[in-house]
Amino acid sequence: MAPDSGNAADEALERPMTFADKVKREIKEWAATLAVFIPVFMIFSGLFYEQRVIPSESMVPTLEVTDRVAVSKFAYGYGRYSLPFSMGRYLPLGSGRFFPKTPKHGDVVVFEHPQIARVMIKRVIGLPGDVVQMVDEALYVNGEPVDAEFLRTVRYRPHGRPYVETAHEWRETLGGESYLTHRQVAGTEGDNSPAFRVPAGHMFLMGDNRDNSLDSRFPSDYCPPVNGVIDRSGCALNVSADMASVGFVPLDHLIGRADTVLLSLHQCKLENNEPCKKRIWRGL
């Protein structure tokens, strides 16, 4: 007599799942989820937006350490460094960009360091053909001082440091964009610079924390000046690559434009009960 197949199926359904069965089921469910999620995430972060975490204080007070920033990938077109997880630095892709757009003065941009495999964030100060110079802490573009207004003096604790820093806070306006900068009381060599003429296909970038930013003001691979103006890069480094400034940054090293602070783990550390800025969902 043939076995009752219906009863056998019922017994299989009623049989308790073993631990191994549960693990296999979880693995299958996770595999199915990831098979859908990963391609969608890669397409989204490669074409539209990706999140970056601010690692240093070079953009204080605009950006603080631990700020999570949404980076618009389509703002300037797409190049090898637009790929998620910085994969473009490892793939044999050519230079240039698809649907290229030139940044505007005052934009906050995310880019690949020209000398080493490191993602950076700075503000666009000069575009091809511009002449940029710092004179006694004042920023000049094409021979004209950038509009700047002193706001206040602040005392704060830098991220992970036990001491208190004092800075003069200024509001600059460049290319229709207004933003805050910090100038330290002591100042640094970056307060006075040579004149830089930005070569074709490049940008001149600076951090808003003017005395704590290794940016385009500090020559690492600039060629000798011509008639007192530095307008070329690509000569031999005068420091090790991991200590080099960004110099003139090629436009094809752009990753995107920083648009919004999504959230932050930063804790306000201003002294004297000074008010702190909103750090969640704040446009730049």
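Modeller: Start with Arg123. Its charged end sits over the ring of Tyr179, 4.0 Å from the ring's centre. Keep in mind that this is a predicted model.

Arg123 has a second contact. It forms a salt bridge with Asp208, and the closest N and O atoms are 2.7 Å apart. Now look at where the two residues sit.

Take the links one at a time. Glu50 meets Arg52, side chain to side chain, at 2.5 Å from N to O. Both of these residues are buried. Glu50 also meets the side chain of Lys73, at 2.8 Å from N to O. Lys73 lies in the loop between β2 and β3 and Glu50 in strand β1, so this link ties together parts that are 23 residues apart in sequence. Lys73 has a relative accessible area of 0%, so it is buried. Glu50 is at 9%, which also counts as buried. Across the whole structure, a search finds nine salt bridges.

Strand β4 covers residues 119-126 and runs antiparallel to β12, with three bridges joining the two. One place to look is Val124, whose bridge partner in β12 is Leu205.

So what about β12 itself? It spans residues 202-206, and five of its five residues are buried, so the strand is largely enclosed by the rest of the structure. In a regular strand, side chains alternate between the two faces of the sheet. Now see which way each one points here. His202, Phe204 and Met206 point one way from β12, while Met203 and Leu205 point the other way. All of them are buried, whichever way they point.

Strand β12 has another partner. It pairs with β14, residues 249-250, in the antiparallel sense over two bridges. Met203 has Val249 as its bridge partner in β14.

Next come the aromatic rings. A search of the whole structure finds seven aromatic pairs. In one of them, the rings of Tyr49 and Phe74 have their centres 5.6 Å apart and their planes at 85°, so the pair is edge-to-face. Tyr49 is in strand β1 and Phe74 is in the loop between β2 and β3, so far as position goes: the pair links distant parts of the chain, 25 residues apart. Tyr49 is partly exposed, at 31% relative accessibility. Phe74 is partly exposed too, with a relative accessible area of 34%.

Follow the ring pairs onward, and Phe196, Phe204, Tyr222 and Phe248 are linked into a cluster.

The charged end of Arg183 sits over the ring of Trp170, 3.9 Å from its centre.

Now step out to the sheet that includes β13. Five strands form an open sheet in the order β7-β6-β5-β11-β13, with mixed pairing. Its edge strands are β7 and β13, and each pairs on one side only. At the β7 end, β6 (residues 138-141) and β7 pair in the antiparallel sense over two bridges. Tyr140 has Pro145 as its bridge partner in β7.

Finish at the surface. Phe19, Val23 and Ile27 form a nonpolar patch there, with about 320 Å² of accessible area together. Val23 is in helix α2, residues 19-47. It has a relative accessible area of 32%, so it counts as partly exposed.

Conventions: Residues are numbered from 1 along each chain as its sequence is written. This is a predicted model: local features need pLDDT of at least 70, side-chain atom pairs count only at pLDDT 80 or more; totals for chains, interfaces and linings use all residues. Side-chain values use heavy atoms; hydrogens and water are left out. Buried means under 20% relative accessible area, exposed over 50%, partly exposed in between (1.4 Å probe, protein chains only). Helices (H or I, at least four residues) and strands (E, at least two) are DSSP runs, numbered from the N terminus. Two strands pair if DSSP finds at least two bridges between them. Patches are made of residues with over 30% relative accessible area and no salt bridge: like charges are joined within 9 Å, nonpolar side chains (Val, Leu, Ile, Met, Phe, Trp, Tyr) within 5 Å. Accessible areas come from the Shrake-Rupley method with a 1.4 Å probe; for residues, only the protein chains shown count as cover. A salt bridge is a side-chain nitrogen of Lys or Arg within 4 Å of a carboxyl oxygen of Asp or Glu. Rings of Phe, Tyr and Trp (its six-membered ring) pair if their centres lie within 6.5 Å; planes under 30 degrees apart count as stacked, over 60 as edge-to-face and the rest as tilted. A charge sits over a ring if NZ of Lys or CZ of Arg is within 6 Å of the ring centre and within 35 degrees of the ring normal.
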